[in-house]
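Trainee: Could we go through this structure together? I would like to begin with the overall picture and then turn to the details.

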Amino acid sequence: DKEQNMMQNRRRGFTIVESLTVLSTVSLLMSLLIPAVQEARNSVRDVTCRNRLKQIGLAVHNYADVYNMFPPGWTSRRGQGEGHPANGWQASILPFLGEVPLYNSLNIDAVYEPKDNDLSPLKRPLLHYRCTSDSLGDTNPLRGDWGTSNFSANHGSEPIPRWSEEDFWPGQVASHKQPNGIFSLNRCIRFRDITDGTSNTICVG
């Protein structure tokens, strides 16, 4: 009986060759599956980013429908926009992205200085302005720790002046008053001003 039980136990077990075969098969399947899963994740991230860009485009169009013009790139009471941070186009379209309370908490005409104003609304992370593939933090240390954005508006084909290592605020240095893009300092353009046609012109990217 003991010999018979030992023979049965041997038959139930796996040999080394069988174990190695199973392991190699599993390894092969995993090597094929992991890249496919990663590619699927990247595809989902790309779709999410494109959808958010589409929502921004719709918000800009809705703003233009209400006000009969596009929002300014950024606003300032100073002629060149120099010397202080100011609100930009992304703040202007917040109500059209479902962010009415946040928009109402901003003082669009304010000169935002840390000693005078509560800057927490400006630091609030917004999914509307982020691509899911971006690994940066919620705030941008190169822009006063304001909320990070992955989207830029079309300022035109003329390059804006470079910011120095000390001056990180948009509009801190003299900017073109009449660039050929859609968004610029204290300037609101209309659909009719886009002479190349809206289907041929980048709004936000």
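Trainee: What percentage of the residues in the protein is buried?
Mentor: This is a predicted model. Of the 205 residues in the protein, 27% are buried.

Trainee: And how many helices and strands are there?
Mentor: The protein has 5 helices and 2 strands. Along the sequence they follow the pattern α-α-α-α-α-β-β.

Trainee: Let us change topic. How many salt bridges are counted?
Mentor: The count comes to 3 salt bridges. In one of them, the side chains of R124 and E99 meet at 3.2 Å, N to O. This pair links distant parts of the chain, 25 residues apart. R124 lies in the loop between α5 (120-123) and β1 (139-140), and E99 lies in the loop between α3 (89-92) and α4 (100-105).

Trainee: Is E99 buried or exposed?
Mentor: E99 is buried, because its relative accessible area is 11% and the cut-off for buried is under 20%. R124, at 38% relative accessibility, counts as partly exposed.

Trainee: Which residues does R130 pair with?
Mentor: R130 forms a salt bridge with D134 at 2.7 Å, N to O. The side chains of R130 and D138 also meet in a salt bridge, at 3.9 Å. These salt bridges share partners and join R130, D134 and D138 into one network.

Trainee: How accessible are those residues?
Mentor: R130 counts as buried, at 9% relative accessibility. D134 is partly exposed at 21%, and D138 is partly exposed at 45%.

Key. Residues are numbered from 1 along each chain as its sequence is written. This is a predicted model: local features need pLDDT of at least 70, side-chain atom pairs count only at pLDDT 80 or more; totals for chains, interfaces and linings use all residues. Side-chain values use heavy atoms; hydrogens and water are left out. Helices (H or I, at least four residues) and strands (E, at least two) are DSSP runs, numbered from the N terminus. Buried means under 20% relative accessible area, exposed over 50%, partly exposed in between (1.4 Å probe, protein chains only). A salt bridge is a side-chain nitrogen of Lys or Arg within 4 Å of a carboxyl oxygen of Asp or Glu.
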